[in-house]
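Dear colleague,

I am passing on the structure we spoke about, together with some notes on what was found in it. Please look at the model first and then read on.

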Amino acid sequence: MNIELRNLKDFLGLYNRVTELCFSSCVDNFNVRDLSPEEVRCAENCVGKFTNTNQRLMQVYMDVQGKINERRYAEVEALQAKQEAELLQQQQELADSQLPVVDAGTSGESVPEPANLTPVATN
């Protein structure tokens, strides 16, 4: 189901719930075809309160969700930095363990000097 269709279904469901809630709360006289002025005022107040409350809740939700997203982003960045540091440390430890250890000063053996090489002429 695509997003637009889901949003439309959500909106229509909300609209139907508000209509049913306000109708059942405000309309009580079914003997006349038109709504009385009190019923109209009640329905308008009901829908207005619902709309204002919904807008406030959505604003708070967006503010809170923004802060939650910022905190999660910071946590993910910190975790990635930690993992990168651990990986770098592991790579360094691996590189250090693979280097040959040459300690000519303590074994008493001398390290041979490279021989002087002279170029050989070829004909």
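Does Cys 26 count as buried or exposed, going by its relative accessibility? Cys 26 has a relative accessibility of 7%, and therefore counts as buried, the limit for that word being under 20% relative accessible area. Please keep in mind throughout that this is a predicted model, and that the values below are computed from it.

**Overall layout**

The protein has three helices and zero strands, so that, in the order of the sequence, the pattern reads α-α-α. Of its 123 residues, 5% count as buried. The accessible surface of the protein amounts to about 11,700 Å², and carbon and sulfur atoms account for 57% of that area.

**The disulfides**

A disulfide is a covalent bond between the sulfur atoms of two cysteines, and a search of the whole structure turns up two of them. When the bonded cysteines are counted along the chain, the disulfides follow the pattern 1-4, 2-3.

One of the two joins Cys 22 to Cys 46, with the sulfur atoms 2.0 Å apart. Because Cys 22 belongs to helix H1 and Cys 46 to helix H2 (residues 37–98), this pair ties together parts that are 24 residues apart in sequence. The torsion about the S-S bond of Cys 22 and Cys 46 is about -80°, and the disulfide is therefore left-handed. Both Cys 22 and Cys 46 are buried.

The other disulfide is formed by Cys 26 and Cys 42, whose sulfur atoms are 2.1 Å apart. Here too the pair links distant parts of the chain, with Cys 26 in helix H1 and Cys 42 in helix H2, 16 residues apart. With a torsion of about -65° about the S-S bond, the disulfide of Cys 26 and Cys 42 is left-handed as well.

Helix H1 covers residues 3–26, and Tyr 15 is found in it. Tyr 15 also contributes to a nonpolar surface patch of about 510 Å², which it makes together with Leu 5, Leu 8, Phe 11 and Leu 12.

The structure holds two aromatic pairs. In one of them, the rings of Phe 23 and Phe 30 have their centres 6.0 Å apart and their planes at 50°, so the pair is tilted. Phe 23 is partly exposed, with a relative accessible area of 45%, while Phe 30, at 59% relative accessibility, counts as exposed.

The loop between H1 and H2 contains Asp 28, a residue that is exposed, with a relative accessible area of 65%. Asp 28 and Glu 39 are eleven residues apart in sequence, and their C-alpha atoms are 8.1 Å apart in space.

**The salt bridges**

Side chains of opposite charge can pair when their charged atoms come close. In this model the count comes to two salt bridges.

Asp 10 forms a salt bridge with Arg 6, and the closest N and O atoms of this pair are 4.0 Å apart. Because Asp 10 and Arg 6 are four residues apart in helix H1, about one helical turn separates them. Asp 10 counts as partly exposed at 45% relative accessibility, and Arg 6 counts as partly exposed at 46%.

Arg 71 forms a salt bridge with Glu 75, with the closest N and O atoms 3.9 Å apart. Both residues lie in helix H2, where Arg 71 and Glu 75 are four residues apart, about one turn of the helix. At 46% relative accessibility, Glu 75 counts as partly exposed.

**The annotated region**

Finally, a point that comes from a record: UniProt, in an unreviewed entry, lists residues 71–98 as "coiled-coil region". In the model, the span of residues 71–98 is 100% helix and 0% strand, and its end C-alpha atoms lie 41 Å apart.

How values were computed. Residues are numbered from 1 along each chain as its sequence is written. This is a predicted model: local features need pLDDT of at least 70, side-chain atom pairs count only at pLDDT 80 or more; totals for chains, interfaces and linings use all residues. Side-chain values use heavy atoms; hydrogens and water are left out. Patches are made of residues with over 30% relative accessible area and no salt bridge: like charges are joined within 9 Å, nonpolar side chains (Val, Leu, Ile, Met, Phe, Trp, Tyr) within 5 Å. Accessible areas come from the Shrake-Rupley method with a 1.4 Å probe; for residues, only the protein chains shown count as cover. A salt bridge is a side-chain nitrogen of Lys or Arg within 4 Å of a carboxyl oxygen of Asp or Glu. Helices (H or I, at least four residues) and strands (E, at least two) are DSSP runs, numbered from the N terminus. A disulfide is a pair of cysteine sulfur atoms within 2.5 Å. Buried means under 20% relative accessible area, exposed over 50%, partly exposed in between (1.4 Å probe, protein chains only). UniProt positions are given in the numbering used here, feature names are shortened, and annotations may be inferred rather than shown by experiment. Rings of Phe, Tyr and Trp (its six-membered ring) pair if their centres lie within 6.5 Å; planes under 30 degrees apart count as stacked, over 60 as edge-to-face and the rest as tilted.
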